[in-house]
Amino acid sequence: MFFNVVEPTIAQSLLAERLPRILPSESIPLEQALDRLCSETITAPHSLPFFRRSTMDGYAVRAVDTHGASESLPTLLTVRGEVLMGQPTAIKLSVGETAVIHTGGELPPDADAVVRVEDTRQIMLDEVEVNQSVSSGENVIQVGEDIEKGQTVLEAGHQLRPQDLGGLAALGIQQLRVVRKPSVAIISTGDELVPYDQIPRPGQVRDINSLTLASMVTKVGAEPIAKGIIPDDLDLLSAVIGDSVEEADIVVISAGSSVSVRDATLKAMQRIPGCDVLFHGVAVKPGKPTVGAIANGRPVIGLPGNPVSAMNLFALLVIPTIKHLMGAKSVEKATVSASLARNVASAPGREDYISVRLESRDGEIWAEPVFGKSNLIYTLIHADGTIVIPADKSGLTRGEFVSVSLF
């Protein structure tokens with residue numbers, strides 16, 4: 001029988017409270033930083049922009065010279081020259097004078113606004129009519145309007161997106177410190193498993209979990225370490241887990257976590273010196289037969305072999321553990337509200353995770369359950385997300401609004 005079965009939030013806490021707060025940092029070039037996590041707060045080395053810029057093609061003016069201008073009574077201004085792009089301007093404006101300027105150009109020192117070219121009419125090469133008044137600061141980006149010197153750009157724990165890299169490039173930041181990627185050793189167990197590139201004989205199945213779990217590791221920003229397929233040999237499995245604990249930040253074993261005579265994960269964990277088993281069994285479906293332990297200060301998590309169960313518990317336990325080690329900020333998973341398409345029963349006392357497919361019917365979004373046993377990977381392939389039936393409920397009814405966590 002399982003012992004020390006816990007709720008998923010308790011399992012997460014038991015692991016988190018035994019982990020180091022965050023992994024060491026490393027310095028990398030900006031172009032390699034996509035999806036990495038900042039290990040320290042980044043502040044702006046200078047203001048952006050650092051000169052006043054036009055947001056329009058038009059004419060740089062002293063706003064006071066345009067007051068009262070209209071279609072019926074335009075204001076005539078003298079053109080003193082053209083602001084050249086990419087160069088500081090030496091043009092000085094006096095009363096009644098203007099300068100041609102393009103989007104992104106630097107405003108002359110005496111100008112404080114820009115009139116759009118469509119609000120003007122050129123009379124002569126050096127004269128232009130302005131038929132729309134502007135106020136001071138109109139069509140102008142001021143110094144530091146985007147970000148000011150010393151202002152926080154990104155906080156520690158922020159996962160870097162393409163726009164973040166663009167913002168750092170605009171500030172000339174070439175190197176930055178990020179959290180080292182956690183390494184996750186992935187071990188698949190079972191005499192019946194063969195690599196997915198081989199043709200299985202009767203009684204054998206292709207190893208799904210090594211690839212799917214490694215993909216989940218990569219997607220969350222960590223580094224998978226493939227340990228291959230280990231047969232149902234307690235001595236060999238213990239040795240591989242022991243080596244993995246020394247090599248990786250997290251060790252994940254799929255299959256062998258249940259209670260049959262051939263399930264050896266728990267026994268193999270217990271052979272690791274100093275290994276402390278925190279729980280054996282998580283009150284969820286699918287995925288109850290899951291083992292969590294700490295060995296050598298590293299989390300060791302034994303997942304069920306069934307692909308759906310393995311992926312479900314990987315998302316519940318391993319991904320939060322990875323993010324904890326990275327110091328990542330907690331971000332809510334993308335969800336969609338939908339109406340449940342049919343009744344779904346559940347057993348009280350555990351959380352049930354149901355795969356659903358989203359369908360649009362008469363302008364409304366419906367969540368159609370995709371039922372299947374936990375060893376059928378295509379129940380996930382045909383689904384768009386999952387819903388959770390809380391442990392204190394015996395099911396959900398058709399038409400009830402549910403929150404769908406998207407894959």
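The turns below ask how labels on this predicted model follow from its values.

Me: What are the ground rules for the model and the numbering?
Reply: This is a predicted model, where local features need pLDDT of at least 70, side-chain atom pairs count only at pLDDT 80 or more, and totals for chains, interfaces and linings use all residues. Residues are numbered from 1 along each chain as its sequence is written, and side-chain values use heavy atoms, with hydrogens and water left out.

Me: Why is Asp-119 called buried?
Reply: Buried means under 20% relative accessible area, exposed means over 50%, and partly exposed lies in between (1.4 Å probe, protein chains only). Asp-119 has 13% relative accessibility, so Asp-119 counts as buried.

Me: What makes Asp-119 and Arg-116 a salt bridge?
Reply: A salt bridge needs a side-chain nitrogen of Lys or Arg within 4 Å of a carboxyl oxygen of Asp or Glu. The closest N and O atoms of Asp-119 and Arg-116 are 2.9 Å apart, and the pair forms a salt bridge. Arg-116 is at 33% relative accessibility, so Arg-116 counts as partly exposed.

Me: How many salt bridges does this rule give?
Reply: The count comes to 18 salt bridges.

Me: How do you know that Arg-271 and Asp-235 form a salt bridge?
Reply: Their closest N and O atoms are 2.4 Å apart. The pair links distant parts of the chain, 36 residues apart. Arg-271 is in the loop between helix 5 (265-270) and strand 18 (276-280), while Asp-235 is in helix 4 (residues 234-247). Helices (H or I, at least four residues) and strands (E, at least two) are DSSP runs, numbered from the N terminus. Arg-271 has a relative accessible area of 44%, so Arg-271 is partly exposed.

Me: What makes Glu-368 and Arg-342 a salt bridge?
Reply: Their closest N and O atoms are 2.7 Å apart. Glu-368 is in strand 25, and Arg-342 is in the loop between strand 22 and strand 23 (344-345), 26 residues apart. Glu-368 has a relative accessible area of 8%, so Glu-368 is buried. Arg-342 has 40%, so Arg-342 is partly exposed.

Me: Which residues are linked with them in a network of salt bridges?
Reply: The network links Arg-342, Arg-357, Glu-359, Arg-361 and Glu-368.

Me: How do you know that strand 24 and strand 25 pair?
Reply: Two strands pair if DSSP finds at least two bridges between them. Strand 24 (residues 351-361) and strand 25 are joined by 6 bridges and run antiparallel. Ser-360 has Ile-365 as its bridge partner in strand 25. The two strands form a hairpin with 2 residues between them, and Asp-362 in the turn has a positive phi of about 55°.

Me: What joins strand 22 to strand 25?
Reply: Strand 22 (residues 335-340) and strand 25 (residues 364-369) run parallel, joined by 2 bridges. Ser-339 stands opposite Trp-366.

Me: What makes strand 17 mostly covered?
Reply: In strand 17 (residues 250-254), 5 of its 5 residues are buried. Ile-250, Val-252 and Ser-254 point one way, and Val-251 and Ile-253 the other way. In a regular strand the side chains alternate between the two faces of the sheet.

Me: Which strands pair with strand 17?
Reply: Strand 13 (residues 183-189) pairs with strand 17 in the parallel sense over 5 bridges. Ile-187 has Ile-253 as its bridge partner. Strand 21 (residues 298-303) also pairs with strand 17 in the parallel sense, over 4 bridges. There, Ile-253 stands opposite Gly-302.

Me: Why are the buried residues of helix 2 placed on the same side?
Reply: The buried residues of helix 2 (residues 162-170) are Asp-164, Leu-165 and Leu-168. They cover an arc of only 100° around the axis, so they lie on the same side of helix 2. The arc is that of the directions from the helix axis to the C-beta atoms. These residues pack against strand 2 (42-43), strand 11 (152-154) and strand 12 (175-179). Contact here means heavy atoms within 4.5 Å.

Me: Why is Gln-142 called partly exposed?
Reply: Gln-142 has a relative accessible area of 29%, so Gln-142 is partly exposed. Gln-142 sits in the loop between strand 10 (140-141) and strand 11. Not counting residues up to four places away in sequence, Gln-142 touches Pro-49, Arg-52 and Gly-137.
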